[in-house]
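Dear colleague,

I am handing over the structure below, and after it you will find an account of what was found. Please read the two together.

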Amino acid sequence: MNEQLLLGQTLGFGADPFAGGWQAATRHSAHGAVLVRDGRIAATGEASDLRRAHPRATVTDYGDALILPGFVDAHMHYAQTGMIASWGKRLIDWLNSYTFPEEMRFGDPAYARGQADLTLDIALANGTTTLASFCTIHPESVTAFFEAAEARGMGVVAGKTCMDRNAPEGLRDTARTAHDDSKALLEAWHGRGRATYAITPRFSPTSTPEQLEAMGALWAAHPDCLMQTHLSEQTDEIAWVRDLFPTARDYLDTYEKHGLLGERGLYGHAIHLEPREIDRLAETGAAVIHCPTSNTFIGSGLFDMAGLKARGIPVGLATDTGGGSSFSMLRTMAAAYEIGQLRGTPLHPAQLLWLATEGSARALHMGGQIGTLTPGAHADLCILDLASTPAIAQRSTRAEDIWEAVFPTIMMGDDRAVRAVWVSGRPV
Ligand SMILES: [Zn+2]
């Protein structure tokens, strides 16, 4: 039996640190170990105990580096990797000027596969082992992404982005083709290996009511799939939705009316919410996905983490590349901290790390499978060097506890802090 034993500091969670306090939720060991067998975590505990119990295991000693679950990026657009960091526009102009011309290219399977390979390699270099990606309207773009993930043993979520209006010629499908193409793709990919399909209307402004209805019908027929979309990102966008759907009670209602509100729904951004929308999200158990670098980069607004978590709404954390300005979940946690500060509710490092791992995993309905060091989970791991640059090292040497040691890496770290990454029990 091939067993691998990884030694280092370990940090995991026994509960949601927003709910009962971060102290009680946290499991930290200064001399910990993770035992990996058959692609899964077999045990997590003290290094001395696991070494004694598994003397034949192959040992990899990471010293005082921090062994974490791999990061889970709960909302991104792999087809926008090529135009990340495009200057000067807000949402609607940004889509028209930069995003749509790039997405047009993904009907070419070779180009799509190249961008999928590139994006997944960048993600892995940043310690991200699971991504939930929007693809483009082209079925080829979905196949390319799932194939690239499968080749790396990665568990990913993806879906064909559906748009049948307010998008240029060449980037529009119809209600019928969106339904039929999505159905064929989910039948081919959902549950194959580690792949999960998400039914993916881009957002209400680019779908007719007929298309939203067709997507809702598809979800009703395949309720174990996820559904991902965008919600209330910018005030101009919300006004546009009001014009396009004059009888809807609010933005969320444009989805709810068409069968696109449910527990397995993922709503990116969710910044400018009405009280009724918050109530409905809380009642249904749907998840919202916080994309902080995107919200500041595109100038969207300040997400209400404390308010939404207090209502019990599941929240995931995400880069939203290429609207987001970084592939790094470290940078993303830093931006979430900064937005919390601007709202007067700073997030504890335990809460930030939980959001980037288990919080996102739970939002994707993969709790216990990824984003955790609990036995039985996939052995997707990120090992962080907490002294990766001179600036970080000089600060972390003064640390008196694990939080002071890890917070400088959250705020100032990047891919140089990622010492190793394991996917499905193998180092990559
Ligand atoms: Zn997005």
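**Domains and their contact**

Eleven residues of domain 1 are in contact with 13 residues of domain 2, where contact requires that the C-beta atoms of two residues, placed from the backbone, lie within 7 Å. This is a predicted model, in which local features need a pLDDT of at least 70 and side-chain atom pairs count only at pLDDT 80 or more, while totals for chains, interfaces and linings use all residues. Residues are numbered from 1 along each chain as its sequence is written.

Domain 1 comprises 3-70 + 372-427 and domain 2 comprises 71-327, with bounds that come from an automatic or database domain assignment. Their C-alpha centres lie 31 Å apart. On the side of domain 1 that touches domain 2, strand S15 (residues 418-423) gives the most, with three residues; helices (H or I, at least four residues) and strands (E, at least two) are DSSP runs, numbered from the N terminus. That side of domain 1 divides into five nonpolar, three polar and three charged residues, on a scheme in which Ala, Val, Leu, Ile, Met, Phe, Trp, Tyr, Cys and Pro count as nonpolar, Asp, Glu, Lys and Arg as charged, and the others, Gly among them, as polar.

**Sheet and strands**

Strand S15 also belongs to an open sheet of seven strands, in the order S3-S2-S1-S4-S14-S15-S16, whose pairing is mixed; two strands pair if DSSP finds at least two bridges between them. The edge strands, each of which pairs on one side only, are strand S3 (40-46) and strand S16 (426-427). Strands S15 and S16 run antiparallel and are joined by two bridges, and valine 423 has arginine 426 in S16 as its bridge partner.

Elsewhere, strand S11 (residues 265-269) is mostly covered, five of its five residues being buried; a residue is buried if 20 or more other C-beta atoms lie within 10 Å of its own, exposed if 12 or fewer, and partly exposed in between, with C-beta atoms placed from the backbone. Strand S10 (residues 226-231) pairs with S11 in the parallel sense over five bridges, and methionine 227 stands opposite glycine 265 in S11. Strand S11 is also joined by three bridges to strand S12 (residues 287-290), again running parallel, with tyrosine 267 opposite valine 288 in S12.

**Helix packing**

The axes of helix H13 (residues 329-342) and helix H16 (residues 402-412) come within 6 Å and cross at roughly 95°, which makes H13 roughly perpendicular to H16. Here the axes are lines fitted to C-alpha atoms, for helices over the stretch in contact, and angles run from 0 to 180 degrees between N-to-C directions; angles under 35 degrees count as roughly parallel, over 145 as roughly antiparallel, 65 to 115 as roughly perpendicular and the rest as oblique. Leu330, Met333 and Ala334 of H13 make the contact with Thr409, Ile410 and Met411 of H16, and these residues divide into five nonpolar, one polar and no charged.

Alanine 361, which lies in helix H14 (residues 349-363), is buried because 26 other C-beta atoms lie within 10 Å. Leaving aside residues up to four places away in sequence, alanine 361 touches Val72, Met366, Gly367, Ile370, Gly371 and Thr372.

**Loops and backbone geometry**

Most residues other than glycine have a negative phi, and most peptide bonds are trans.

- Aspartate 38, in the loop between strand S2 (26-37) and S3, has a positive phi near 50° although it is a residue other than glycine, and aspartate 38 is exposed, with 11 other C-beta atoms within 10 Å.
- Serine 424, in the loop between S15 and S16, is likewise not a glycine and has a positive phi of about 50°; serine 424 is partly exposed, with 19 other C-beta atoms within 10 Å.
- The peptide bond from threonine 321 to glycine 322 is cis, with omega near 0°, and glycine 322 is placed in the loop between strand S13 (315-317) and H13.

Finally, proline 246 sits in the loop between helix H8 (235-244) and helix H9 (251-256), and proline 246 counts as exposed because it has 6 C-beta neighbours inside 10 Å.

With kind regards
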